[in-house]
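I opened the notebook with the sequence and the model side by side, and wrote down each thing as I looked it up.

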Amino acid sequence: MEKPKPGNREPNPERVIPRFLLIAFSCLLLISLVAGFIFNYYQKQMMDRTIREQGSGILSSYGSKTRDSIEKGQRKTFQLVMDNTAQLEGVTATTLYPREGLMNYRSGAVTVGLPFVHDQDGGFRNPNLDLYEKTRGMFLRKDWHLTGRFDSAAGQAHLAEVQGKSCAECHYVLDENLSFDNQNRAEVLDARVAHFYERIPVEDKCTVCHTYWQIGETAGVLGVTIDKAAFLQRTRESTRQLVYILLSIATVVLGVTYLVAAMYRRILITRRQLADKSDRLAGLLNNSGQGFLSFGPDLAIEPEYSRECVTFFGEEVAGKSVAALLFSEDEEERGLVFDEDIHLLEEEDDYIDEDQTAQAENEYLQIFADGMNSSGTSCSR
Ligand code: HEC
Ligand code: HEC
């Protein structure tokens, strides 16, 4: 009975459950991280696409609805359409930047064309208010159709005043890095807001009034600003849903892992107990001074046999044919095959092994040490 003790190489049963849970947890964590990363990436893509679609749709409507008032130079109807467009859901502001790029039209703010100003904290200041009220919004600088705002007398005086300063310090300046596509569109997606722009080119009908403009130049730029808050909120909600789903999956997986680990632990403990039992039995048989072995119908000896058999046959006998061993040519020399020395324990199956079905066909051989001794083999006892 030279079987290695199963407990030696097998994991410690007490460590099985924590180890299984740790492995399952690590796998879940890894999968969740990867899933979260991919989900987040696609979610962001989806969100940007939706925002782009919405922004582009609103910009188109803004452009087409203001077209008529722009062509006719009707400031008030233009302002009305601009304010209405800004009422659409998600839109924070609609704007117009003139060709010089300093914003002077914005939803919710009256204007006679002076560029808006912001203070150092970013607070909005409207220098048009006085003039607008005094002239009921009708004010037009005298040379509006002849020369640009910067080149007008008032403009030149102001520029001399603010010389050396950056215009963006006080005015809302159109981003110079905007790249307009062949549909005259551009967009900037910030973290919290998205800006959509449409360039208005100068056509020949514009130059009837704007006499100094050149056809094809930029007359101005329409702008729509969209708040991303609603989209981010939706994104956060689906992220939360994903987290809930992952958590419930993790709970189930960990639960199942716990059950499997507990079963495995039970098996390991049982195997250990069995191995101990078998060890004790082997010790008993090894120390009985008698040779015990068993063999199947094919006469091959089973791996479990007592130590004495090795002494008796002079070699390890597992798997060898019992017939060859007992009735070998040099049997005379061995002088061992005495009927009274070797007993077949056929009828005592149930005493040796309770598992009748598996071992029913096995025969058991008992070799008495006395016989061995008398036959003169080297027996330690
Ligand atoms: C220190 C703040 C400040 C800076 C810097 C500044 N502006 Fe102004 N700007 C104003 C204010 C305030 C007004 C409102 C009208 C006024 O008070 O003159 C104004 C008005 C104007 C006007 C309208 C003038 C008129 O009466 O028709 C123009 C054009 C203008 N700014 C262009 C510029 C340009 C171009 C720059 C950059 C080179 C610039 N500003 C830098 C504060 C500033
Ligand atoms: C019937 C005359 C007329 C025609 C035609 C006209 N506009 Fe104007 N436009 C005006 C008047 C008046 C203003 C106000 C000028 C001001 O405030 O300095 C103006 C202002 C503008 C502004 C704002 C400029 C600024 O500095 O505030 C833009 C942009 C503009 N027009 C674009 C166009 C385009 C594009 C066309 C051709 C499709 C056009 N306009 C045709 C009369 C006209």
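**Entry 1, loop and strand around Leu299.** I began with Leu299, which has 14 other C-beta atoms within 10 Å and is therefore partly exposed. The model is a predicted one, and I keep that in mind for every value below. Leu299 sits in the loop that runs between strand S8 (291–295) and strand S9 (301–305).

Pro297 counts as exposed because it has 8 C-beta neighbours inside 10 Å, and the cut-off for exposed is 12 or fewer. Along the chain Pro297 and Glu363 are 66 residues apart, yet I read a C-alpha separation of 7.8 Å for the pair.

Pro303 is partly exposed, since 14 other C-beta atoms lie within 10 Å.

I then looked for another positive phi and stopped at Arg136, which is not a glycine and has a value of about 50°. Arg136 belongs to the loop between helix H4 (129–135) and H5. Is Arg136 buried or exposed? With 8 other C-beta atoms within 10 Å, Arg136 is exposed.

I stepped back to the protein chain, for which I count 12 helices and 11 strands. Of its 381 residues, 18% are buried. Taking contacts between residues at least 6 apart in sequence, I noted that 55% join residues at least 24 apart.

I followed helix H2 (13–71) from end to end. H2 has 59 residues and reaches 86 Å from its first C-alpha to its last, which is close to the 87 Å expected at 1.5 Å a residue. Where does H2 bend? I located a bend of about 30° at Lys65.

I also listed buried residues of H2, among them Val16, Phe20, Ile51, Gln54, Ile58, Leu59, Tyr62 and Thr66. The cover over the buried residues of H2 includes H3, S1, strand S5 (185–189), S6, S7 and helix H6 (229–286).

Which residues does Tyr62 contact, leaving aside its neighbours within four places in sequence? I found Thr85, Thr94, Leu222 and Val224.

Gly73 follows H2 and has a positive phi, near 65°. I placed Gly73 in the loop between H2 and H3. Gly73 counts as partly exposed because it has 14 C-beta neighbours inside 10 Å. Gly73 and Cys206 are 133 residues apart in sequence, while their C-alpha atoms are 9.0 Å apart in space.

Both residues turned up again when I looked around ligand 2: of the 22 residues there, Gly73, Gly113, Cys206, Cys209 and Gly220 come nearest. H2 and strand S7 (218–227) each supply at least two residues of this shell. I sorted the shell around ligand 2 into 10 nonpolar, five polar and seven charged residues.

Around ligand 1 I found 17 residues, of which Pro127, Ala154, Lys165, Cys167 and Cys170 come nearest. Which helix gives the largest share of the shell around ligand 1? I traced that share, four residues, to helix H5 (residues 153–161). By kind, the shell around ligand 1 divides into 11 nonpolar, three polar and three charged residues.

How values were computed. Residues are numbered from 1 along each chain as its sequence is written. Chains are lettered from A and ligands numbered from 1 in the order in which they are written. This is a predicted model: local features need pLDDT of at least 70, side-chain atom pairs count only at pLDDT 80 or more; totals for chains, interfaces and linings use all residues. A residue is near a molecule or strand if its C-beta atom, placed from the backbone, lies within 6 Å of it. Ala, Val, Leu, Ile, Met, Phe, Trp, Tyr, Cys and Pro count as nonpolar, Asp, Glu, Lys and Arg as charged, and the others, Gly among them, as polar. A residue is buried if 20 or more other C-beta atoms lie within 10 Å of its own, exposed if 12 or fewer, and partly exposed in between; C-beta atoms are placed from the backbone. Two residues are in contact if their C-beta atoms, placed from the backbone, lie within 7 Å. The expected span of a helix is 1.5 Å times one less than its number of residues. The bend at a residue is the angle between axes fitted to the seven residues ending there and the seven starting there.
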